[in-house]
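Colleague: I'd like to learn how to read a structure like this one with you. Could we go through it feature by feature?

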Amino acid sequence: MAQPPSSLEGFPKGEFAAFSTAKMTHFLPYSQDTTTKDLKGFFGTNFQYLTKTPIGRLKIEIPNTEPLIVQYGEIIARFTNGKFKVIDSNYFHKNFNDPLVDEDSKGIY
(Lines give C-alpha, C1' and ligand atoms only; values in the text may rest on other atoms or scores of the structure.)
Protein backbone atom coordinates (compact mmCIF):
# COMPACT_ATOMS: atom_id res chain seq x y z
CA MET A 1 0.00 0.00 0.00
CA ALA A 2 1.34 3.45 -0.89
CA GLN A 3 2.12 5.78 1.97
CA PRO A 4 0.28 9.11 2.01
CA PRO A 5 2.34 12.11 0.93
CA SER A 6 4.17 13.91 3.72
CA SER A 7 3.26 17.41 4.87
CA LEU A 8 4.25 20.55 2.97
CA GLU A 9 4.25 22.55 6.22
CA GLY A 10 7.24 24.85 6.39
CA PHE A 11 7.71 25.03 2.62
CA PRO A 12 7.05 28.19 0.56
CA LYS A 13 3.72 28.15 -1.29
CA GLY A 14 5.36 28.60 -4.71
CA GLU A 15 8.52 27.66 -6.54
CA PHE A 16 11.79 27.87 -4.60
CA ALA A 17 15.42 26.79 -4.93
CA ALA A 18 17.75 24.90 -2.60
CA PHE A 19 21.18 23.32 -2.77
CA SER A 20 22.13 19.68 -2.48
CA THR A 21 25.81 18.75 -2.24
CA ALA A 22 26.88 21.06 -5.05
CA LYS A 23 23.95 21.74 -7.37
CA MET A 24 21.04 24.16 -7.32
CA THR A 25 17.65 22.52 -7.72
CA HIS A 26 14.26 24.19 -8.19
CA PHE A 27 11.15 22.90 -6.44
CA LEU A 28 7.41 23.35 -6.68
CA PRO A 29 5.31 22.02 -3.79
CA TYR A 30 2.11 20.68 -5.33
CA SER A 31 -1.12 21.41 -3.47
CA GLN A 32 -4.69 22.50 -4.09
CA ASP A 33 -3.31 26.07 -4.10
CA THR A 34 -0.99 25.40 -7.08
CA THR A 35 -2.23 27.47 -10.02
CA THR A 36 -1.90 27.09 -13.76
CA LYS A 37 0.37 30.16 -13.67
CA ASP A 38 2.62 28.40 -11.12
CA LEU A 39 2.82 25.32 -13.35
CA LYS A 40 3.53 27.34 -16.51
CA GLY A 41 6.28 29.26 -14.75
CA PHE A 42 7.89 26.14 -13.32
CA PHE A 43 7.66 23.87 -16.37
CA GLY A 44 8.15 26.49 -19.10
CA THR A 45 8.02 24.84 -22.53
CA ASN A 46 7.33 21.47 -20.89
CA PHE A 47 3.96 22.74 -19.62
CA GLN A 48 2.34 21.28 -22.74
CA TYR A 49 3.11 17.77 -21.42
CA LEU A 50 1.07 18.16 -18.21
CA THR A 51 -2.41 16.78 -17.61
CA LYS A 52 -4.43 17.41 -14.48
CA THR A 53 -6.69 14.50 -13.55
CA PRO A 54 -10.23 14.94 -12.19
CA ILE A 55 -8.99 13.98 -8.69
CA GLY A 56 -6.25 16.63 -8.73
CA ARG A 57 -3.25 14.52 -9.60
CA LEU A 58 -0.81 15.93 -12.10
CA LYS A 59 0.49 13.68 -14.86
CA ILE A 60 3.83 14.67 -16.41
CA GLU A 61 4.54 12.96 -19.75
CA ILE A 62 7.60 14.61 -21.27
CA PRO A 63 8.83 12.81 -24.42
CA ASN A 64 11.72 10.37 -23.89
CA THR A 65 11.26 10.32 -20.09
CA GLU A 66 9.37 8.12 -17.64
CA PRO A 67 5.89 9.49 -16.92
CA LEU A 68 5.47 10.97 -13.45
CA ILE A 69 2.34 11.31 -11.30
CA VAL A 70 2.19 14.03 -8.64
CA GLN A 71 -0.29 14.04 -5.76
CA TYR A 72 -1.21 16.92 -3.47
CA GLY A 73 1.40 17.11 -0.71
CA GLU A 74 4.32 16.10 -2.93
CA ILE A 75 7.10 18.26 -4.34
CA ILE A 76 8.25 18.46 -7.96
CA ALA A 77 12.02 18.86 -8.30
CA ARG A 78 13.63 20.30 -11.47
CA PHE A 79 17.33 19.53 -11.64
CA THR A 80 20.01 21.48 -13.49
CA ASN A 81 20.07 18.81 -16.21
CA GLY A 82 16.41 19.57 -17.01
CA LYS A 83 15.06 16.34 -15.49
CA PHE A 84 12.12 16.23 -13.10
CA LYS A 85 11.50 14.05 -10.04
CA VAL A 86 8.61 13.77 -7.59
CA ILE A 87 9.68 13.74 -3.95
CA ASP A 88 8.16 14.16 -0.51
CA SER A 89 9.29 16.40 2.34
CA ASN A 90 11.18 13.54 4.02
CA TYR A 91 13.33 13.05 0.90
CA PHE A 92 13.84 16.82 0.66
CA HIS A 93 15.06 17.14 4.26
CA LYS A 94 17.48 14.21 3.84
CA ASN A 95 19.04 15.52 0.63
CA PHE A 96 18.77 19.32 0.49
CA ASN A 97 19.47 22.37 2.60
CA ASP A 98 16.63 24.60 3.77
CA PRO A 99 14.62 26.38 1.04
CA LEU A 100 15.98 29.73 -0.09
CA VAL A 101 13.37 32.33 0.89
CA ASP A 102 13.08 36.12 1.10
CA GLU A 103 12.22 38.14 4.22
CA ASP A 104 8.51 37.32 3.74
CA SER A 105 9.24 33.56 3.56
CA LYS A 106 8.44 33.55 -0.16
CA GLY A 107 10.52 31.19 -2.24
CA ILE A 108 13.47 32.53 -4.21
CA TYR A 109 14.18 30.90 -7.59
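Colleague: Which residues of helix α1 are buried?

Modeller: Buried means under 20% relative accessible area, exposed over 50% and partly exposed in between, with a 1.4 Å probe and protein chains only. In helix α1, residues 36–43, the buried ones are L39, F42 and F43. They lie on the same side of α1, because their arc around the axis is only 80 degrees; that arc is taken over the directions from the helix axis to the C-beta atoms. A word on the model: it is predicted, so local features need pLDDT of at least 70 and side-chain atom pairs count only at pLDDT 80 or more, while totals for chains, interfaces and linings use all residues. Residues are numbered from 1 along each chain as its sequence is written, and side-chain values use heavy atoms, with hydrogens and water left out.

Colleague: Which exposed residues does the face of α1 turned away from its buried side carry?

Modeller: That face has K37 and G41.

Colleague: And what do the buried residues of α1 pack against?

Modeller: Contact means heavy atoms within 4.5 Å. The partners of the buried residues of α1 are the strands β2 (24–30), β3 (50–52), β4 (58–60), β6 (74–78) and β7 (84–87).

Colleague: How many helices and strands does the protein chain have?

Modeller: Helices (H or I, at least four residues) and strands (E, at least two) are DSSP runs, numbered from the N terminus. Here there are two helices and seven strands, in the order β-β-α-β-β-β-β-β-α. The chain is as compact as a globular protein of its length, because its radius of gyration is 13 Å, close to the 13 Å that the globule rule gives for 109 residues. That radius is taken over C-alpha atoms, and the rule is 2.2 Å times the number of residues to the power 0.38. Buried residues make up 35% of the 109, and 46% of the contacts with a separation of 6 or more join residues 24 or more positions apart.

Colleague: How should I read phi, and which value does N64 have?

Modeller: Most residues other than glycine have a negative phi. N64 has a positive phi, near 65 degrees, and sits in the loop between β4 and β5 (68–70). N64 counts as exposed because its relative accessibility is 83%.

Colleague: Where is S105 found?

Modeller: S105 is in the segment after α2 (89–95), and its phi is positive too, near 60 degrees. Just after α1, G44 has a positive phi of about 55 degrees.
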